[in-house]
Amino acid sequence: MNCTFCGGIVKNDTTEYIEKQGNYIVVIKNVPCEKCEQCGEVYFSNEVALMLEKYFKRNHRYRNRL
Ligand SMILES: [Zn+2]
């Protein structure tokens, strides 16, 4: 796979996923991803993107109940 931004080589890697949730920031470490060697652009597989989406939706609901 090649980077859609710069055409560089994209390799399997892990990253820290950072999401701002209102007044605080949630960091998930060691998220599997693919990262461009050249520009550092990060790509998530559909599976991982879905997992992150579910995680934050659940987190959001929990916060609303408090
Ligand atoms: Zn790139």
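Q: In what order do the elements of the protein chain run from the N terminus on?
A: Helices (H or I, at least four residues) and strands (E, at least two) are DSSP runs, numbered from the N terminus. Here the order is β-β-β-α, with one helix and three strands in the protein chain. Please keep in mind that this is a predicted model, where local features need pLDDT of at least 70, side-chain atom pairs count only at pLDDT 80 or more, and totals for chains, interfaces and linings use all residues. Residues are numbered from 1 along each chain as its sequence is written.

Q: What is the mean pLDDT of the protein chain, and which elements have the lowest and highest values?
A: pLDDT is the predictor's confidence in each residue, from 0 to 100. The protein chain has a mean of 89, and 88% of its residues reach 70 or more. Among its elements, helix H1 (residues 46-65) has the lowest mean pLDDT, 78, while E3 has the highest, 96.

Q: What is the order of the strands in the sheet?
A: Two strands pair if DSSP finds at least two bridges between them. In this model the three strands make an open sheet in the order E1-E2-E3, with antiparallel pairing. Strand E1 (10-21) and strand E3 (42-43) stand at the edges with a single partner strand each, so one side of each has no neighbour in the sheet.

Q: Where does a positive phi turn up in the hairpins?
A: Most residues other than glycine have a negative phi, and most peptide bonds are trans. The hairpin of E1 and E2 has two residues between the strands, and glycine 22 takes a positive phi near 65°. The hairpin of E2 and E3 has five residues between its strands, and glycine 40 in the turn has a positive phi of about 80°.

Q: Which residue has a positive phi although it is not a glycine?
A: Look at asparagine 30, with a positive phi of about 55°. Asparagine 30 is found in strand E2.

Q: Is asparagine 30 buried or exposed?
A: A residue is buried if 20 or more other C-beta atoms lie within 10 Å of its own, exposed if 12 or fewer, and partly exposed in between, with C-beta atoms placed from the backbone. Asparagine 30 counts as exposed because it has 9 C-beta neighbours inside 10 Å. Isoleucine 25, which also lies in strand E2, counts as exposed with 9 C-beta neighbours inside 10 Å.

Q: What share of the protein chain is buried?
A: Buried residues make up 3% of the 66 residues in the protein chain. E1 is hardly covered: the count of buried residues among its 12 residues is zero.

Q: Which residues does lysine 11 contact?
A: Two residues are in contact if their C-beta atoms, placed from the backbone, lie within 7 Å. Leaving aside neighbours within four places in sequence, lysine 11 is in contact with Glu34, Lys35 and Glu37. Lysine 11 sits in strand E1 and counts as exposed, with 11 C-beta neighbours inside 10 Å. Lysine 11 and cysteine 33 are 22 residues apart in sequence, and their C-alpha atoms are 8.4 Å apart in space.

Q: Where does phenylalanine 44 lie, and what does it contact?
A: Phenylalanine 44 lies in the loop between E3 and H1. With 16 other C-beta atoms within 10 Å, phenylalanine 44 is partly exposed. Leaving aside neighbours within four places in sequence, phenylalanine 44 is in contact with Cys33 and Ala49. The C-alpha atoms of phenylalanine 44 and cysteine 33 are separated by 4.9 Å, with the two residues 11 apart along the chain.
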